[in-house]
Amino acid sequence: MDGQLLSEAFVELTDTMVADFDVIDFLHLLTDRSVQLLDVSAAGLLLADPRGELRVVAASSEAVRLLELFQLQNDQGPCLDCFRRGQPVAAADLNAEAERWPRFAAAAQQAGFSAVQALPMRLRDQIIGALNLFRAVPGGFDPADVRIGQALADVATISLLQERSMRQSDALNEQLQTALNSRVVIEQAKGKLAERLGLDMADAFSLLRDYARARNRRLSELAQALVDGSEPLTSLTTASSQPRPPAAGPRPTPPRPGPQPRP
């Protein structure tokens with residue numbers, strides 16, 4: 001095994017901090033490096049979507065891509081078992097696996113593969129997919145290759161989860177900043193309403209919110225329209241001049257009949 005290529009592969013699989021990170025290219029890199037470094041003929045990669053359903057996301061050859069799709073369509077194969085159990089699944093001779101995976105074993109041999117090793121992509125209890133290694137000749141996989149393959153899958157898993165966490169954090173920060181910006185605009189709209197209509201700030205906000213709700217509009221969008229002048233104040237002035245319906249209160253409880261006075 002080329003030690004320098006192995007080192008470079010681990011470096012590449014941890015480099016998700018770049019601004020133009022391409023997750024699909026990253027996953028294809030994992031399958032390509034697996035074939036280059038290990039004694040395997042091909043590699044495929046399945047990842048779970050947000051609903052937990054597996055999808056083919058990378059393959060070192062078209063034959064493997066079609067075989068992975070075949071697994072998913074027929075709901076049987078080592079990759080699915082690996083993902084569901086979170087443990088490696090091996091088949092040294094697919095000719096002997098007709099009972100375990102009848103359709104997959106036949107399709108794999110027809111595609112030119114006689115052995116398979118599926119490795120989970122997992123971090124503790126979180127399983128996100130499976131890396132699947134194929135060989136054209138039957139026989140057990142070298143334990144050293146299995147360990148390195150699992151290490152590559154583990155590093156890629158950590159990198160993917162870190163990148164996903166960063167994107168979620170960025171989305172949250174963006175949402176928080178949007179909320180803060182909206183709050184500033186709403187305060188400006190409140191001040192404008194309070195000044196023009198002679199209201200206190202609390203009443204101005206109630207008017208603004210009630211008007212937005214009655215017209216199924218976002219409060220921040222209405223506030224921005226008032227501030228930049230695209231929404232005339234006269235529309236809210238008219239709304240404020242209309243009497244509000246009285247608040248519904250508890251109905252009075254009629255007095256209970258007491259004892260009647262004796263004649």
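Let me start with arginine 135: at 13% relative accessibility, this residue counts as buried. Buried here means under 20% relative accessible area, exposed means over 50%, and partly exposed is in between, with a 1.4 Å probe and protein chains only.

Before going on, the ground rules. This is a predicted model, where local features need pLDDT of at least 70, side-chain atom pairs count only at pLDDT 80 or more, and totals for chains, interfaces and linings use all residues. Residues are numbered from 1 along each chain as its sequence is written, and side-chain values use heavy atoms, with hydrogens and water left out.

Back to arginine 135. Which residue does arginine 135 form a salt bridge with? The partner is aspartate 39, and the closest N and O atoms are 4.0 Å apart. A salt bridge, by the rule used here, is a side-chain nitrogen of Lys or Arg within 4 Å of a carboxyl oxygen of Asp or Glu. Arginine 135 sits in strand β5 and aspartate 39 in the loop between α2 and β1, so this pair ties together parts that are 96 residues apart in sequence. On element names: helices (H or I, at least four residues) and strands (E, at least two) are DSSP runs, numbered from the N terminus. Aspartate 39, for its part, is exposed, at 51% relative accessible area.

The structure holds 10 salt bridges. Some of them form a network, linking Asp49, Arg51, Glu53 and Arg55. Within it, glutamate 53 pairs with arginine 51, with the closest N and O atoms 3.7 Å apart. Glutamate 53 is partly exposed, at 37% relative accessible area. Arginine 51 counts as exposed, at 64%.

Now the inside. As a general point, in soluble globular proteins nonpolar side chains tend to be buried together. A nonpolar core, as used here, is a set of buried Ala, Val, Leu, Ile, Met, Phe, Trp, Tyr and Cys residues joined through side-chain atoms within 4.5 Å. The largest such core has 25 residues. Which members touch the most others? They are Leu27, Leu30, Leu45, Leu47, Met121, Leu133 and Leu160. At least two residues each come from α2 (23-37), β1 (42-48), β2 (54-59), β4 (115-123), β5 (126-135) and α6 (143-197). Helix α6 gives the most to this core, with six residues.

Take leucine 160. Leaving out residues up to four places away in sequence, leucine 160 touches Val23, Phe26, Leu27, Leu47, Met121 and Ile128. Touching, or contact, means heavy atoms within 4.5 Å.

Next, helices α3 and α4. Helix α3 covers residues 62-74 and helix α4 covers residues 78-85. Their axes come within 9 Å and cross at roughly 65°. Axes are lines fitted to C-alpha atoms, for helices over the stretch in contact, and angles run from 0 to 180 degrees between N-to-C directions. On the α3 side, Glu68, Gln71 and Leu72 meet Pro78, Cys79 and Leu80 of α4. By class, this contact has four nonpolar, one polar and one charged residues. Ala, Val, Leu, Ile, Met, Phe, Trp, Tyr, Cys and Pro count as nonpolar, Asp, Glu, Lys and Arg as charged, and the others, Gly among them, as polar.

Why call α4 largely enclosed by the rest of the structure? Because six of its eight residues are buried. Those are Pro78, Cys79, Leu80, Asp81, Cys82 and Phe83. After α4 comes glycine 86, with a positive phi near 75°.

Helix α5, residues 102-110, has buried residues too: Phe104, Ala105, Ala107 and Ala108. Their cover includes α3, α4 and β5. Just after α5, glycine 112 takes a positive phi of about 100°.

Last topic: backbone. Most residues other than glycine have a negative phi. Aspartate 75 has a positive phi near 55°. Its place is the loop between α3 and α4. Aspartate 75 also forms a salt bridge with arginine 84, with the closest N and O atoms 2.4 Å apart. Aspartate 75 is partly exposed, at 45% relative accessible area, whereas arginine 84 counts as exposed, at 51%.

Arginine 124 also has a positive phi, near 55°. Where is arginine 124 found? In the loop between β4 and β5. Arginine 124 is exposed, with a relative accessible area of 66%.
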